[in-house]
Amino acid sequence: MSTARQRHTKGRRNRRRSQIRLLAPQLVVCNHCKAMKISHFVCGRCGYYGTTEVIDTLAKLTKKERKKKEKEQAARAEAESQARQGEEIVPAHKAPQL
Ligand SMILES: [Zn+2]
């Protein structure tokens, strides 16, 4: 086993240790369900990575839970489509500028 060749100063040791810390995860908005997720990871809520479904989140649920979640997803999809229609009625170039 090797031994230290020369003692390092307290300042040098403290400068090295100043970089040792926990970092907050890099969160982004999921394109599919709009929940916050870790970037470059599969979404934990909907199981999507980009536009492809990687994990079937409904597979392990009981019948009651599945029905509830499917209802939730349908409501969200409908709200999104209504929001999109609202955007189409007033295009950006025709909207009054504030
Ligand atoms: Zn998602």
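Guide: Start with His 40. His 40 sits in the loop between strand 2 and strand 3, the latter spanning 48–49. Keep in mind that this is a predicted model.

Now look at the backbone of His 40. Its phi is near 65 degrees, a positive value in a residue other than glycine. Most residues other than glycine have a negative phi.

Lys 34 shows a positive phi too, near 65 degrees, and is likewise a residue other than glycine. Find Lys 34 in the loop between strand 1 (27–29) and strand 2 (36–38). Lys 34 counts as partly exposed, because it has 13 C-beta neighbours inside 10 Å.

With 19 other C-beta atoms within 10 Å, Cys 30 is partly exposed. The cut-off for buried is 20 or more, so Cys 30 does not count as buried.

What does Cys 30 touch, leaving aside its neighbours within four places in sequence? Its contacts are Ala 35, Lys 37, Cys 43, Arg 45, Cys 46 and Tyr 48. Take Cys 46 from that list. Cys 46 is 16 residues from Cys 30 along the chain, and their C-alpha atoms are separated by 8.9 Å.

Next, step back to the whole chain. There are 2 helices and 4 strands. From the N terminus, the order is α-β-β-β-β-α. Of the 98 residues, 3% count as buried. Contacts tell a related story about sequence range. Among contacts with a separation of 6 or more, residues 24 or more positions apart account for 0%.

Glu 70 has its place in helix 2. Glu 70 counts as exposed, because it has 12 C-beta neighbours inside 10 Å. Leu 58 is 12 residues from Glu 70 along the chain, and the C-alpha atoms of the two are separated by 8.3 Å.

Last, confidence. The chain averages a pLDDT of 85, and 88% of the residues score at least 70. Which element has the lowest mean pLDDT, and which the highest? Helix 2, residues 63–89, has the lowest, at 81. Helix 1, residues 10–17, has the highest, at 97. Glu 70 belongs to helix 2, the element with that lowest mean.

Note on methods. Residues are numbered from 1 along each chain as its sequence is written. This is a predicted model: local features need pLDDT of at least 70, side-chain atom pairs count only at pLDDT 80 or more; totals for chains, interfaces and linings use all residues. Two residues are in contact if their C-beta atoms, placed from the backbone, lie within 7 Å. pLDDT is the predictor's confidence in each residue, from 0 to 100.
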